[in-house]
Amino acid sequence: MYNTDDYIGIIRKRLSDYRFYHSVCVSESARELARRYGANEEKAVIAGILHDATKETDLKDQLELIKRAGIEISDFELKQPKLYHQMSGMAFAKLELGIEDEEILFAIRYHTTGRADMSLLEEIVYLADFISADRDYKDIDEIRRRTELGKEQGLLYATSYTINSIVSKGRPLHPDTVGAYNSFLKKYFEK
């Protein structure tokens, strides 16, 4: 495995200024959340910096990476090209960078859709992608405020926001996102 600076250099060459800045911001947010919630900070930084490593890669090349890595892609996902990058990002980290740490790989793999019963690192990267310093969408202040109150509140609100946004556009929900919502809801009410 490389060191963090190496990963920054690798993605700098792959991404536009906008996407690179976003990745750095997510990485910093992931470090802060990891510190707050007791996760491995180095893993959080690495997963954060690499989470969008293939976001600007040609879709055909992304599908090839996914296939080479043996990652199963559902029919639903095949019809949703915006989701390719979370799978191809995992494949890139594994095949091109030699990352074998499943915590990091799965944090990259599920940073967009989420999933039921996410690990702490997965939750951190998922949430960091929502609240990073570069984000300025409607409700960002509320998502950040809820995250300050507790991880579960932040995760539940962020996922609700995503679901409402997708549904309002008449687009289908990924089953993993529904699973994430239900899982976060259960954790929230168990506290």
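Biologist: Is Asp52 buried or exposed?
Modeller: This is a predicted model. Asp52 lies in the loop between helix H3 (41–50) and helix H4 (59–68). Buried means under 20% relative accessible area. Asp52 has a relative accessible area of 2%, so Asp52 is buried.

Biologist: Which side chain makes a polar contact of 3.2 Å with the side chain of Asp52?
Modeller: Asp52 touches several residues beyond four places away in sequence, among them Arg19, His22, His85 and His111. A polar contact of 3.3 Å joins the side chains of Asp52 and His51. The polar contact of 3.2 Å is with the side chain of His111.

Biologist: Which residues have the most contacts inside the largest nonpolar core?
Modeller: That core has 47 residues. Helix H8 (residues 120–131) supplies the largest share, eight residues. Leu50 touches Tyr7, Ile11, Leu97, Ile99 and Ile108, leaving out residues up to four places away in sequence. The residues with the most contacts inside the core are Leu50 and Ile99.

Biologist: How far apart are the end C-alpha atoms of helix H10 (residues 151–168), and what should its 18 residues span?
Modeller: At 1.5 Å a residue, the 18 residues of H10 should span 26 Å. The distance between the end C-alpha atoms agrees with this, at 26 Å.

Biologist: What covers the buried residues of H10?
Modeller: The buried residues of H10 include Gly154, Leu155, Tyr157 and Ile166. Their cover includes helix H2 (17–37), H8, helix H9 (140–149) and helix H11 (175–190).

Biologist: Which residue just after H10 takes a positive phi?
Modeller: H10 covers residues 151–168. The positive phi just after H10 is about 70 degrees, and the residue is Gly170.

Note on methods: Residues are numbered from 1 along each chain as its sequence is written. This is a predicted model: local features need pLDDT of at least 70, side-chain atom pairs count only at pLDDT 80 or more; totals for chains, interfaces and linings use all residues. Side-chain values use heavy atoms; hydrogens and water are left out. A nonpolar core is a set of buried Ala, Val, Leu, Ile, Met, Phe, Trp, Tyr and Cys residues joined through side-chain atoms within 4.5 Å. Buried means under 20% relative accessible area, exposed over 50%, partly exposed in between (1.4 Å probe, protein chains only). Helices (H or I, at least four residues) and strands (E, at least two) are DSSP runs, numbered from the N terminus. Contact means heavy atoms within 4.5 Å. The expected span of a helix is 1.5 Å times one less than its number of residues. A polar contact is a pair of N or O atoms within 3.5 Å; within protein, one must be able to donate a hydrogen and the other to accept it, and residues adjacent in sequence count only if both atoms are side-chain atoms.
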